[in-house]
Each structure stands twice: as C-alpha cells, then as structure tokens.
Amino acid sequence: MSLVRRATTEDAEEVLRLRQVMIDALPGGDTSTAWHADSLPVLREKLDEADGDFAAFVVDHPDRPGALAALVVGTVDYRIGKAGNPRGLAGYVFSVATDPQARRRGYARACMDELLVWFRERGAGQVMLTASAEAEPLYASLGFVHKPDPTMILKL
C-alpha cells in the first residue's frame, strides 16, 4: 500500500503550512503568513474538485498525527500546441515540500511519482517546474532537464 494519497479539503491548513515551508526556504522568500487566511477557502475549493486541473498529493507525517510529512502540487494548463506537445496540455509543479523532520525518507519522490501519473492520465505532453539546488538531483533522476531559455515574471 502506498503512503501517498490525494490531498482532501481536510488537509488544506497543512498544505498551506508545507507550502510556507517551501517558500521560507527560497532565496528572497516572503515569510509572511497573513495571506493564508485569504488562500484557505480557495484552496479548499480546489482540493474538493476531484476531476479538475489541480491536484495535491501528500504523505501523512509518521510521527505527528494530523500533520503532513510531504506535499507536491501541480496543475494542468492549456497552451497552444507545438512540436513535441501538439495537444498543448502542460503540467506545472509549483509546490514540493517536506516537513524538515521528515526529510530524506523518499516522501517527495513518492509524491512526485503520483503527480507524474496524474499528469500522464490527463494527457499532459510536458511538465515544468522550478528547482532549488537541493531538489535538482531528485528532478534530474525523474528525467527533468534544464530549458535553455530564461524565465521572467511580472507581478500584477
């Protein structure tokens, strides 16, 4: 039996906690948690949509009942097709986090494996993510490679 399961609405606060763990570890990450209250209702709605374009996979914390040990979250987006992805469906992994006390147990890899299955089931022709230096070996072992073009962002 797999340790990984699909996150439910009951997991929403823990999903936000682990997302904050990831954000706190990023260079220049904003440690503010005031946004959690506004994010929680929307997250609960997304977690309740079993057949939507959003999925979160988690592992329960083995030492802390009610807490999560690991999390991966992704979406499937439509982008106009191209060579190598003619249907234009693209997966995007935007949150991968492991509770600091539960690291190095394979939980993130197990969650990523489930998310990749979910992407394949939805017909995604590619999956994108941004990797920290610490996580890059995991993603490389799953077949991710660097893109040659730089990414830019505009905050609205």
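Close-up 1. Arginine 5 is partly exposed, with a relative accessible area of 27% (partly exposed lies between buried, under 20% relative accessible area, and exposed, over 50%, with a 1.4 Å probe and protein chains only). The structure is a predicted model, in which local features need pLDDT of at least 70, side-chain atom pairs count only at pLDDT 80 or more, and totals for chains, interfaces and linings use all residues. Residues are numbered from 1 along each chain as its sequence is written, and side-chain values use heavy atoms, with hydrogens and water left out. The side chain of arginine 5 meets that of aspartate 60 in a salt bridge (2.8 Å, N to O), defined as a side-chain nitrogen of Lys or Arg within 4 Å of a carboxyl oxygen of Asp or Glu. Arginine 5 belongs to strand 1 (residues 4-6) and aspartate 60 to strand 2 (residues 54-60), so the pair ties together parts 55 residues apart in sequence. Strands (E, at least two residues) and helices (H or I, at least four) are DSSP runs, numbered from the N terminus. Aspartate 60 is partly exposed, at 39%.

**Close-up 2. A salt bridge between glutamate 14 and arginine 17.** Their side chains meet at 2.9 Å, N to O. Both residues lie in helix 1 (residues 12-25), three residues apart, about one turn of the helix. Glutamate 14 is buried, with a relative accessible area of 15%, while arginine 17 is partly exposed at 23%.

**Close-up 3. A salt bridge between arginine 105 and aspartate 63.** The N to O distance is 3.8 Å. Arginine 105 is partly exposed (40%), and aspartate 63 is exposed (53%).
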